[in-house]
Every structure is written in structure tokens, then in C-alpha cells.
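Please find below some notes for a colleague who is meeting this structure for the first time.

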Amino acid sequence: MKIGVDIGGSHVGIGLINENGKIIAQEDQDLNNELKSENYAEKLVETIIDLITKVLDKKNINIQDVRLIGIAIPGTVSDTHIIKAENLHIKNFNIVSEINKFFNIPIVLRNDAKCAAIAEKEYGSLKKYDDAVFLGGKLLKPKKYEGFEIGHMVIEKDGIKCNCGRNGCFEKYASMKAFKEAVQRKFEVENLTGREIRDLLNDAENREKA
């Protein structure tokens, strides 16, 4: 049994995974308002601990029955630290040791794009292939830090200001966060969760069809 932790720009998702790679229980929580707080890293850990506990309780499973916790996060990471996550305003935070205070089992921390690639290789469209972002079936790993931040590649000169300090970064135009912000601007609302945005768009589509 394993636990997967998906940390997004304003959302945390937890999945309990069986030996066949199937999600057998899951929990999630939006953190839009928490992003404004100065101690976001600590609140993030509290949320992860709470969601893991809920997932385990759902299936009446003890943490000792879990072999591994895998954490995916958008940013640059080492084996234990979030080196830099611009959208989360976190730098040099040892998230592994903080979670190990509650759950003393092995934890693997990786950049979220790398995690998506691993998942595709193990269970998805890359299962039959060795190329793409892999070399000989193995994920390309840099000497120092993980996380090739494609989202912070400039695609629009003098474009929208990004959290990283540059202007015109890719993620300011083509990311889930940018999509949510565009929806909220269009409908003149603020701080919507993912579910609320989905419902808002569904309602708008239904009105158009009526």
C-alpha cells in the first residue's frame, strides 16, 4: 500500500494506492485562502497530515501498513526539501522531516511534472515506450536539483508579471491556475474552489443550451 500526495498551486489531493496502482480512497482540499498566509508551509503540512489520516480511516488501515508516501509538488526540490516553489511562496522547507514527525515511514519528494511522467510510464500512454522524457526507461535525473521549470519559460516578451519575477512565463497563460483566474475574472467572482468553478461553468453551459 502507498500514499500519493499531489500539491497544486491552491489544492492538495491525497490518494491511497494499492499494489496494482489503483486509487482505493482519496481526499482533497482547496487552499485558496491559505496561500495568503505567511506560514503557508506549516498549514500545508497540517492539511497533508489531516487528509492522510482521513484516507486511512476510510479503509480502516494503519499507517504501518503503508510502505511509502510519494509527494508531487510544482517547483524545485531535493530529496527532502522544497528548494523553491514560486506559486506557493515556499523556499528551503524540509517537508519530509515535518511529515515524518507524524508518519515515520519512507517519503519520496519529486517535482510534479516528473511524477506525471513516471505515472504515464508505469500505467499510462508511455507504458510501451522507453523514450520521451526517459532514457532507457529511466527518468532523467539532474546532478543537483529536480524540476525543470517549463512553466517559467518566457513565451511572451514583456507579458504578464509572474511570481518568479519574470514577465510572460508560460504558466501565466496556460496553466490550471491561469484558467481559474480567467474564469473568476469573467464571472466577477473570487476565491472559488475547483468544484465551484466546475459547477459555475456547467450552469453557464446549461443556460446557453436552454
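**Notes on the cavity, the fold and a pocket**

1. About 50 Å³ of space lies in the largest cavity of this predicted model, and the count comes to one cavity of 30 Å³ or more. Its lining is formed by N87, N163, E171, K172, S175, K177, A178 and E181, which divide by class into one nonpolar, three polar and four charged residues.

2. Turning to the protein as a whole, five helices and 10 strands are found. The radius of gyration is 18 Å, close to the 17 Å that the globule rule gives for 210 residues, so the protein is as compact as a globular protein of that length. Taken along the principal axes, the C-alpha atoms fill a box of roughly 50 × 40 × 40 Å.

3. Of the 210 residues in the protein, 37% are buried, while the accessible surface comes to about 13,000 Å², with 50% of that area belonging to carbon and sulfur atoms. Among contacts with a separation of 6 or more, 49% are between residues 24 or more positions apart.

4. The second largest pocket holds about 970 Å³ of space, and of the 31 residues that line this pocket, G4, I17, G70, C115 and A119 are the closest to its centre.

5. Which elements build the lining of the second largest pocket? At least two residues each are supplied by β1 (2-7), β2 (11-17), β3 (23-30), β4 (68-73), β8 (107-111) and α3 (112-123), and the largest share, seven residues, comes from α3. By class, the lining of this pocket has 15 nonpolar, seven polar and nine charged residues.

Notes. Residues are numbered from 1 along each chain as its sequence is written. This is a predicted model: local features need pLDDT of at least 70, side-chain atom pairs count only at pLDDT 80 or more; totals for chains, interfaces and linings use all residues. Side-chain values use heavy atoms; hydrogens and water are left out. On a 1 Å grid over the protein atoms alone, a cavity is a set of points where a 1.4 Å probe fits but cannot get out, and a pocket is an open set with protein on both sides within 12 Å along at least five of seven lines; lining residues have an atom within 4 Å of a point. Grid points are joined across faces, edges and corners, and a volume is the space filled by probe spheres set on the points. Helices (H or I, at least four residues) and strands (E, at least two) are DSSP runs, numbered from the N terminus. Ala, Val, Leu, Ile, Met, Phe, Trp, Tyr, Cys and Pro count as nonpolar, Asp, Glu, Lys and Arg as charged, and the others, Gly among them, as polar. The radius of gyration is taken over C-alpha atoms; the globule rule is 2.2 Å times the number of residues to the power 0.38. Buried means under 20% relative accessible area, exposed over 50%, partly exposed in between (1.4 Å probe, protein chains only). Contact means heavy atoms within 4.5 Å. Accessible areas come from the Shrake-Rupley method with a 1.4 Å probe; for residues, only the protein chains shown count as cover.
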